[in-house]
Amino acid sequence: MTLGDFDLSIVSDGTYPLDGGAFFGVVPKVMWSRKAAADERNFITAGLNSLLIRTGKQNILVETGIGSKLPEKMAKVYGQPAKLLENLQAAGVAPGEIDIVINTHLHFDHSGWNTMRKGDRVVPTFPKAKYYVQEGEWRHAQEQHLRDAISYISDNYNPLIESGQMQLLRGDQEIVPGISVRVFPGHTMNMQAVVVTSAGKTACYISDLIPTSAHIDLTWVMAFDLSPIDTIDSRKRYYERAIPEKWLTVFTHDDAVPWGYIEKDNAGKITLRPAPAT
Ligand SMILES: [Zn+2]
């Protein structure tokens, strides 16, 4: 898709199963099952959508999927599709041509391909890239809190911090002209969205603040979220700009509708107008 002078592509790391109950939090199954089909174990299929932005000067990759280093136990639960590099290649970009990687947060299903194993070493998958994440997110990951330590795999980021290849941001910031990050607390307290603007058009990789097109209702919040109240407030704040300014919203975990335009109908209901595929 073209966005002003930029080119946007969805590159997927594959799909993985997520528990439907955890995915939709307090929403009753009779309601969410109309929007997402669950299998006999109550799992639904979630996508792993990264966003490739070609500005003409730089190649920027937002998010790096599950990757290829999952511990055996986790690979059994989630599988390990590891499709990102082949899909990147299909889009015409080699790992060595990625200039910037932005992680919205450091959960294992968002930062997996930051690094890969080479023999007994862990090396950056994108050797030339500068990586960015919020400092608060990294600090929380280091904490290894009982609530969510399972979601953080330190090999995805600590080697990059030690080598200086990953930079820690404090709050909203422009990364390169037209591409900036904005913090939206809720899923984690320092999750950042990536806002892309070119020639008057805007797209936003909103990440786990609105993980799929089935989560656009303000109150349909995942059970994973550390602060559901903040998720609702952050979504409200996002819609205040994204709806009137007709931003293209990118859904990180939607395997069928990777992006679309969020709208409000005459009755005030939030709806989605899907955008054409890549
Ligand atoms: Zn997450």
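Predicted model: local features only at pLDDT ≥ 70, side-chain atom pairs only at ≥ 80, totals over all residues.

Tutor: Residues are numbered from 1 along each chain as its sequence is written, and side-chain values use heavy atoms, with hydrogens and water left out.

Student: Which residues coordinate the zinc ion?

Tutor: Donors are N, O and S atoms within 2.8 Å of the metal (3.2 Å for Na, K and Ca), and water is not among the atoms, so sites may look incomplete. In sequence the donor residues follow the spacing H-x1-H-x79-H-x20-D. At 2.1 to 2.3 Å, the zinc ion is coordinated by His105 (NE2), His107 (ND1), His187 (NE2) and Asp208 (OD).

Student: Why is the arrangement around the zinc ion irregular?

Tutor: Four donors count as tetrahedral if all angles lie between 85 and 135 degrees; four count as square planar and six as octahedral if opposite donors are over 155 degrees apart and all others between 65 and 115; anything else is irregular. The arrangement around the zinc ion is irregular because its 4 donor atoms subtend angles of 83 to 175°.

Student: Is histidine 105 buried or exposed?

Tutor: Buried means under 20% relative accessible area, exposed over 50%, and partly exposed in between (1.4 Å probe, protein chains only). Aspartate 208 has a relative accessible area of 3% and is buried. Histidine 105, at a relative accessible area of 0%, is buried.

Student: How many salt bridges does the structure hold?

Tutor: A salt bridge is a side-chain nitrogen of Lys or Arg within 4 Å of a carboxyl oxygen of Asp or Glu. One of them joins the side chains of aspartate 7 and arginine 54 at 3.6 Å, N to O. The number of salt bridges that the structure holds is 5.

Student: Where does glutamate 135 lie, the residue paired with arginine 170?

Tutor: The side chains of arginine 170 and glutamate 135 meet in a salt bridge at 2.7 Å, N to O. Helices (H or I, at least four residues) and strands (E, at least two) are DSSP runs, numbered from the N terminus. Arginine 170 is in the loop between β9 (166-169) and β10 (173-176), 35 residues apart from glutamate 135, which lies in helix α6 (residues 135-143).
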